Amino acid sequence: MTAAADNVLIRLASLSKHYGTHTVLDGIDLEVCSGEVLAIIGPSGSGKSTLLRCINYLEPPDGGTITIGSANIDASRPATAAELSRLRRRIGMVFQSFNLFPHMSVLRNVSLAQERVLGRSRKDADERSMQLLKRVGLADKASQYPVRCSGGQQQRIAIARSLALDPEIMLFDEPTSALDPELGLEVLAVMRELAESGMTMIVVTHEMGFAENVSDNVMIMADGHIVEKGPSKAIMRDPQQERTKRFLRAVH
Ligand code: ADP
Ligand code: MG
């Protein structure tokens, strides 16, 4: 999980986003190394979701640059369709709500986009889907419909669906917030395994245990900017900023 400092995969420079006159991201500078797991924590409304959504252009940022590897996007001008598809190919995202297709089997939920986006044959896509369902512990659910699965299982399927497109980077936006604690744990276990396998991950989370024990670094956001960022244990046990101390007191 720990990555060499010179191995930067994601670089955000002065990334900004406004909704009308409201500044939601106020010039974010951030580097994430290949294989790093970064947890983002902070109060509601601080811009965490917007930051993730801007990184893969679900929301277009309105200033700054996003660099993934050697590909660079200047957010001060509209991105081209080619730039967007290259960017999105490299990034998977998992949301609080799993949004599986209810009328398709679990297997089909995982395999469909592989055919549509990657042009895989049905056979190859199904094989890859089964591998991933095994990885998240749900091979036995392949032929079921999502409604027969618990929330925790549905979120693990959503993770498998995202991994099926072979992303280099996974973004998670509060993936366990909609789940009972016990079901959240099985999702966190899958995320921990993914982290240990070397995936580069940015995880917005309320799970302070995950932030402290699984992620390499923790970043605190408030009011659209980074309050502080550093190695997980240092930030969680000995934060330097008053704003971080206040936030951690409130959630513990
Ligand atoms: P967080 O994920 O940290 O709770 P968000 O990124 O969802 O924060 O939101 C940051 C701020 O941006 C909030 O004040 C929110 O109301 C505002 N915001 C988010 N999305 C929109 C939108 N589509 N239109 C207008 N304001 C928005
Ligand atoms: Mg959010």
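The model is predicted. Ligand 1 sits among eleven listed neighbours, including Y19, H22 and K48, and the protein covers 60% of the 560 Å² of accessible area that the ligand has on its own. The largest pocket holds about 460 Å³ of space.

**Shell around ligand 1**

- The residues that surround ligand 1 are Y19, H22, V24, P43, S44, G45, S46, G47, K48, S49 and T50.
- By class, this shell is made up of 7 polar, 3 nonpolar and 1 charged residues.

- The side chain of K48 has an N or O atom 2.8 Å from an oxygen atom of ligand 1.
- For G47, a backbone N or O atom lies 3.0 Å from an oxygen atom of ligand 1.
- For S46, a polar backbone atom is 3.1 Å from an oxygen atom of the ligand.
- Of the accessible area of 560 Å² that ligand 1 has on its own, the protein covers 60%.
- Two elements give two or more residues to the shell around the ligand: strand 2 (22-33) and helix 1 (48-55).
- Helix 1 supplies the largest share of that shell, with 3 residues.

**Annotated domain**

- An unreviewed UniProt entry places the feature "domain: ABC transporter" at residues 10-248.
- Across residues 10-248, the chain is 38% helix and 27% strand.
- The end C-alpha atoms of this stretch are 27 Å apart.

**Largest pocket**

- The space in the largest pocket comes to about 460 Å³.
- Its lining consists of 22 residues, and those nearest the centre of the pocket are M93, A113, R161, S162 and L165.
- Helix 2 (81-89), strand 6 (91-94), helix 3 (106-118) and helix 5 (151-163) each give at least two residues to the lining.
- Helix 3 gives the most to this lining, with 5 residues.
- By class, the lining of the largest pocket has 13 nonpolar, 6 polar and 3 charged residues.

Technical notes:
Residues are numbered from 1 along each chain as its sequence is written. Chains are lettered from A and ligands numbered from 1 in the order in which they are written. This is a predicted model: local features need pLDDT of at least 70, side-chain atom pairs count only at pLDDT 80 or more; totals for chains, interfaces and linings use all residues. Side-chain values use heavy atoms; hydrogens and water are left out. A residue is near a molecule or strand if one of its heavy atoms lies within 4 Å of it. A polar contact is a pair of N or O atoms within 3.5 Å; within protein, one must be able to donate a hydrogen and the other to accept it, and residues adjacent in sequence count only if both atoms are side-chain atoms. Accessible areas come from the Shrake-Rupley method with a 1.4 Å probe; for residues, only the protein chains shown count as cover. Helices (H or I, at least four residues) and strands (E, at least two) are DSSP runs, numbered from the N terminus. Ala, Val, Leu, Ile, Met, Phe, Trp, Tyr, Cys and Pro count as nonpolar, Asp, Glu, Lys and Arg as charged, and the others, Gly among them, as polar. UniProt positions are given in the numbering used here, feature names are shortened, and annotations may be inferred rather than shown by experiment. On a 1 Å grid over the protein atoms alone, a cavity is a set of points where a 1.4 Å probe fits but cannot get out, and a pocket is an open set with protein on both sides within 12 Å along at least five of seven lines; lining residues have an atom within 4 Å of a point. Grid points are joined across faces, edges and corners, and a volume is the space filled by probe spheres set on the points.
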